[in-house]
Amino acid sequence: MNNYKITNLTSSKTYFLNEEELTNFFKKNRVQNYSITNLTEQKRIKRNKILDNIAIVCFFGATVLSTILIIENYY
């Protein structure tokens, strides 16, 4: 279930709603007056960026360690 952050563009009031609450909210209010942010998607993107950075650091570390092992064995 997705979570959303709804911000009123005129009064800057913020609401945190799930999918069901979001549909009920927009039955009463017009969509044009609000900014909608999918918090679940933002959290997923943030987690994927962190995992990408960890993978890059691990790859760099493995490259450095393999270079050190090659130098120790052949020189």
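Accessible area here comes from the Shrake-Rupley method with a 1.4 Å probe. The chain exposes about 6,400 Å². Carbon and sulfur atoms supply 59% of that area. I keep in mind that this is a predicted model.

**Entry: the layout**

I listed the secondary structure next. The chain has two helices and three strands. Read from the N terminus, the order is β-β-α-β-α. Strand β3 covers residues 34-38. Helix α2 covers residues 39-74.

**Entry: the overall shape**

I looked up the radius of gyration. It is 23 Å for this chain. A compact globule of 75 residues would have a value near 11 Å. I then checked the box around the C-alpha atoms. Along the principal axes it is roughly 75 × 25 × 15 Å.

How much of the chain is buried? I found that 12% of the 75 residues count as buried.

I also looked at contacts between residues at least 6 apart in sequence. Of these, 44% join residues at least 24 apart.

**Entry: charges**

I counted charged side chains. There are 10 positive and 6 negative ones. The centres of the two sets lie 12 Å apart.

**Entry: N38**

N38 sits in strand β3. Is N38 buried or exposed? Its relative accessible area is 19%, and the cut-off for buried is under 20%, so N38 counts as buried.

Which residues does N38 touch, leaving out those up to four places away in sequence? I found N2, N3 and Y4.

Then I followed the side chain of N38. It reaches the backbone nitrogen of T40 at 3.1 Å. The side chain of N38 also reaches the backbone nitrogen of E41, at 3.3 Å.

**Entry: E41**

How accessible is E41? The relative accessibility of E41 is 40%.

Last, I checked E41 against Y4. The two are 37 residues apart along the chain. Their C-alpha atoms are separated by 9.3 Å. Y4 had already come up, as one of the residues that N38 touches.

Notes
Residues numbered from 1 in each chain as written. Predicted model: local features only at pLDDT ≥ 70, side-chain atom pairs only at ≥ 80, totals over all residues. Heavy atoms only, no water. Helix = DSSP H or I, 4+ residues; strand = E, 2+ residues; numbered from the N terminus. Rg over C-alpha atoms; globule rule 2.2 N^0.38 Å. Buried < 20%, exposed > 50% of the residue type's maximum accessible area, 1.4 Å probe, protein only. Contact = heavy atoms within 4.5 Å. Lys, Arg positive; Asp, Glu negative; His and termini not counted. Charge placed at Lys NZ, Arg CZ, Asp CG, Glu CD. Polar contact = N/O pair within 3.5 Å; in protein donor to acceptor, adjacent residues only side chain to side chain.
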